[in-house]
Amino acid sequence: MYDFAYHKPSSIADAVKLLSEDPDAKPISGGMTLLPALKHRLNRPTALIDLSAIAELRGVKQEGGALVIGAMTKHVEVATNPLVLGAIPALAKMAASIGDTQVRNRGTLGGSLANNDPAADYPAAALALGASFITDRRSIPADDFFQGMFTTALEPGELLIAVSFPIPEKAGYAKLRNPASRYAMAGVFVAKGGQGVRVAVNGAGPCVFRQPEMEAALAANWSPEAVAGIHQSPDDLNSDIHGSAEYRAHLVTVMAKRAVAAA
Amino acid sequence: MNVTIPFEGIGASVKRKEDLRFLSGRGQYTDDMNRPGQLHAWILRSPHAHARIDGIDTAAAAAMPGVAAIYTARDIEAAGLGGIPCGWQVTGKGGKVMAEPMHPVLASGKVRHVGDPVAVVIAASRAEARDAAEAIEVAYTPLPALSTMAAALAPGAVALHEDAPGNLCFDWEIGDAAATDAAFARAHRVVRFETTNNRLVPNAMEPRAALGDYDPNSGEHTLITTSQNPHVIRLLMGAFVLKVPEHKLRVVAPDVGGGFGSKIYHYAEEAIVTWAAARLKRPVKWTAERSESFLSDAHGRDHVTTAELALDKDGVFLGLRVATLANMGAYLSTFAPAVPTYLSATLLAGVYRTPAIHGQVKAVFTSTVPVDAYRGAGRPETTYLLERLVDVAAKEMGLDRLEIRRRNFIRPDQFPYQTPVALQYDSGDYEATLKGAAEAADLAGFEARRAAARARGRLRGIGISTYLEACGIAPSKLVGSLGARAGLYEVANIRVHPTGSISVFTGTHSHGQGHETTFAQLVSEQLGVPLSQVEIVHGDTSKIPFGMGTYGSRSLAVGGAAMVKAMDKIIAKGRKIAAHLMEAAVEDIEFDRGTFRVAGTDRTRTLTDISMAAYVPHNYPIDEIEPGLEETAFYDPKNFTYPGGCHICEVEIDPETGEVEVVAFTACDDVGRVINPMIVEGQIQGGLAQGIGQALIEHTAYDADGQLLTASFNDYAMPRASDLPSFAVSTATTLCTHNPLGVKGCGEVGAIGSPPAVINAVVDALRDYGVTHVEMPATPLKIWSIIHGKSGAESLPAAAE
Amino acid sequence: MPQVTLTVNGKSHSIEVEARTLLVEALRETLRLTGTHVGCDTSQCGACVVHLNGDSVKSCTILAVQADGGAVTTIEGLAAEDGTLHPMQEAFREHHALQCGFCTPGMVMSAIDLVNKHPQGLSEAEIREGLEGNICRCTGYHNIVKAIAAAADVMQGRSPEVAHAAE
């Protein structure tokens, strides 16, 4: 790891100020992705802005028909929070399946979403649930937030504060883990709610994406059988030693069926 | 004979003596140690698989903070250091000795695999050394990579080493080709089988580390290193690389966090820190990061084999013909040439009476990390080949998988059994282990379980492997005639202290095997002293007379036998002392569990009486024998030992995803006499996990440019707890006939017998799909590709037929 | 250089570290608590697991400065003052759940957190799943799983102590 300066602001305003003053500074939340990258010297930030002392970034609250979850809320907190378990159990279950216990004890919702790893779980949940991303300056709909591999709509220095998840009627998630990394080889999050039926796919492509054919089929008939015959095109999907694009495409259908069954 | 098993003696599941320090965080592994004034080394490694080094500019790096020195091949050569030696010379067809290219400590002129060490930076901290290494500028001209054996053997392929034309290390054969041809000529049927034994990365959990130090007053060099055999390192590094005599070189292997073969070999980093510490007059430590382990620890397996089995109309084996390509990687690691030849092809008879066998092995240099022995070392490759081949033959002949095995088993009354491929098996009972495993696995009830799985939408299969292996390596004269450059005896020194407590110095090394307990049980029982009074000392060339270390499941069979021999000498001397003290004839003195007795009387002396007399020789036969009670023995084994057994695996496949779940695994093994059943079962369980890992998830892949694609735990799948079932492990014993304990060895059987059992189960689960073979590892992608008849497995070698 | 205060195994330490110093480096190199190990550089093997404020964390993936003010428990801090082992340590010994010992400290720390977070008890499958973040190359996990189940019974009062099986 290269050395860097370290700051631990106690307010959102201070954090935003630090980030705006130094374009090469990086915010750190749980650090579960950032620290391994720094250890391999893949990244050379001048400073790390530790967000963990900012109390207003944590916690779960219900606001109308949505759960608003602070960006610094840990996976383990989402997995075990009674509000989440009651309102969106699929989200709690998804959070309980991220990485391992130690990752869940440190990793955060905001960190995962702002990183937008194609194989991470949260992006699928946020996209399928039609979440809104509340930052220090605006609110970004999920459909605009995920822009590509490790790329989001967040501007330089823009800080994710919380994510608002509309409470669905039904939601479910299923994934197949990569045998080595245990990240999702392909995962599908399905949700039915105020925004209709939304199906989001992670792991399979370079960025989380929606599956419109499956959404239409499930809108007509919410059942595993409805998606069983829908084939995801392998075009543009990821291919590596663990899974060809064709295999991942196949898994999308299988995981969609299982996600609906679990919902 | 009235045999009572002592509470802590042979056969007792005594809790391990070593556990308390490990469970309390007080283990002392190499990286836990630091010496005053210590510097840290970082190795700059090649990013290219094959390239010419046109120049190395270290000026900027040398000026960076904390840097004490930077060394390249030029410094190594100027200092007159030798190359990393190979410990085994194979002589091939026509008496042609193997090509043995120079293996430089730091790459000289050329790099030959990604990870080949190019320069070393020594600095005040590891981070500073790494910072500076990034500032070294190396000018490379890339040369064609030889990522696969096929690429290396292709006509016109560039030579990795000038003195290994065609990238061939050797072309070797064993057995009687003419007799084998004759057997095939009268065969009712010939079954062919081709397979790749997948390349593995050992990944002991403790990364390699080395700490060098030098005492200018005595001129003694010290190396603390993560090694399975400190004396072997002292020999190889001292005599061949650094040219330091043994009495000025101390090698310590303290607590070592697993080895599995990968810590047998002498590695460049050991020589670098030892040499640099003397040059800089400061201790120098190097510790690998896991990413470096992937690029610098010797890999395992990587054989491509074609086999043909000739059978008569009843399924009796008539002949076996096998041709193997064995990947050596870029340089010859310490034991590499022995693995596909004397540790693999000599096992081609397996547990069967095949009368005619011919095997040949071509060893090939490629631009990959060197390949050497990994848990099982050659025997897993042959076992996998045979046990898959026998299943394929059963299917082609329409025979039951058990029946074809039984028709060909070597029977208990046929021992000693001379195979056509050099080995003479001393004992075994393959029917007994088969029966033991089949009953424990409820083989008879399998079809009902299969039907129940099918109702749940899952494909269930069962696979069997009946195997043996040769371990307890090995008779020195034999291995010497086969090209080993060392003897493979073992050494024990037993020191009975004046008050009767005992220190045992062994040349073997424990890095998880529990020697401190098992050996203590052995000595405790034989000499009749409490376990707490016996201390096992290993891992330090300054304390232990000599030794060859731990690998090839040899520690008890060879090292334990050396202890028995040393104890026999202690007892013999003790009898003389006892005879003197009790004024009896030596011939009349009996020894039994700690007590010397005049036969037929109640006159006795304890071992403590004798040891006290030996060290305080006031009343002592001083004209006949020396004071003191300490004996050293070298034991050279008379033969290999031959553990064997039966493994039965049951899997369920999710046909939608291709995931394979091992739902049950049963092993019944004959490892000879068992000293500590708890430890033996643990060894077998651990071996099974590695065998199942090889069969299902572990895989090492290089791309065409020679880049290692599976270079971290993110891409190289390590078995986790959720990948494995609870195991049903048992033993069925026949005793080894040629060592004093009757022991055979248990360290590797799990990894040797299990891979074919798993794949046989996978193939059985897919029987309705017409599948005859699935290459290892049987990943979800591969299984799905087979089920769905899709391509997609091309990125893994040799997809299923 | 940043100053960090850590309470480690009940003792408070104020140490100077670089911002880039990992918690595991501070423990091993500054405080000389070498029971916590490093087995990989991709945050997967779990040899470095310690407890931070009561939760298991991978000390190779947390900066010492991030842990400032925190309470850390390492393998060295589990046994009682008189040397009595924690029930999990005792169960690992009783069930031969360790061989080379290198993964053991992290494995034990993860296992204790796993049991603590499942007061209702654990099935074999839950134990195996709960060890997702810890890799052992020696044991095949069989005896680790047994040891954790046995320790859970003791820690949760279903069994008075680890049964000392008659050898």
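Let me begin with the interface, where 21 residues of chain A are in contact with 23 residues of chain C; two residues are in contact if their C-beta atoms, placed from the backbone, lie within 7 Å. This is a predicted model, in which local features need pLDDT of at least 70, side-chain atom pairs count only at pLDDT 80 or more, and totals for chains, interfaces and linings use all residues. Residues are numbered from 1 along each chain as its sequence is written, while chains are lettered from A and ligands numbered from 1 in the order in which they are written.

Helices (H or I, at least four residues) and strands (E, at least two) are DSSP runs, numbered from the N terminus. The most is given by α6(A), with five residues.

I turn to chain A as a whole. Its secondary structure comes to twelve helices and 14 strands. The radius of gyration of chain A is 18 Å, close to the 18 Å that the globule rule gives for 263 residues, so the chain is as compact as a globular protein of that length. That radius is taken over C-alpha atoms, and the rule is 2.2 Å times the number of residues to the power 0.38. Along the principal axes, the C-alpha atoms of chain A fill a box of roughly 55 × 45 × 30 Å. Of the 263 residues in chain A, 59% are buried; a residue is buried if 20 or more other C-beta atoms lie within 10 Å of its own, exposed if 12 or fewer, and partly exposed in between, with C-beta atoms placed from the backbone. Among contacts in chain A between residues at least 6 apart in sequence, 61% join residues at least 24 apart.

Within chain A, three strands form an open sheet with parallel pairing, in the order β1-β3-β2. Both β1 and β2 (25-28) of chain A stand at the edges, each with a single partner strand, so one side of each is left without a neighbour in the sheet. Two strands pair if DSSP finds at least two bridges between them. From one strand to the next, the twist averages 25°. β1(A) pairs with β3 (residues 47-50) of chain A over three bridges, and A:His7 stands opposite A:Ile49 in β3(A). Helix α1 (residues 12-21) of chain A packs on this sheet, touching β1, β2 and β3 of chain A, and its direction makes about 150° with that of β2(A). Axes are lines fitted to C-alpha atoms, for helices over the stretch in contact, and angles run from 0 to 180 degrees between N-to-C directions.

Chain C has an open sheet of five strands, ordered β2-β1-β5-β3-β4, with mixed pairing. Here β2 (11-16) and β4 (55-58) of chain C stand at the edges, each with a single partner strand, so one side of each lacks a neighbour in the sheet. β1 (residues 3-8) of chain C and β2(C) pair in the antiparallel sense over six bridges, and the bridge partner of C:Thr7 in β2(C) is C:Ser12. β2 of chain C is also included in what covers the buried residues of α1(C). That helix, residues 23-30, is mostly covered, with six of its eight residues buried.

Which residues of α2(C) and α5(C) make their contact? α2 (residues 87-94) and α5 (residues 142-155) of chain C pack at an angle of about 145°, with their axes 8 Å apart. The contact is made by C:Pro87, C:Met88, C:Ala91, C:Phe92 and C:Glu94 of α2(C) and by C:Ala147, C:Ala150, C:Ala151, C:Val154 and C:Met155 of α5(C). These residues divide into nine nonpolar, no polar and one charged.

I close with chain B. Five of the six residues of strand β10 (residues 220-225) of chain B are buried, so the strand is largely enclosed by the rest of the structure. β9 (residues 209-215) of chain B pairs with β10(B) in the antiparallel sense over six bridges. The two form a hairpin with four residues between them, and B:Gly219 in the turn has a positive phi of about 75°.

Technical notes:
Nonpolar A, V, L, I, M, F, W, Y, C, P; charged D, E, K, R; others polar.
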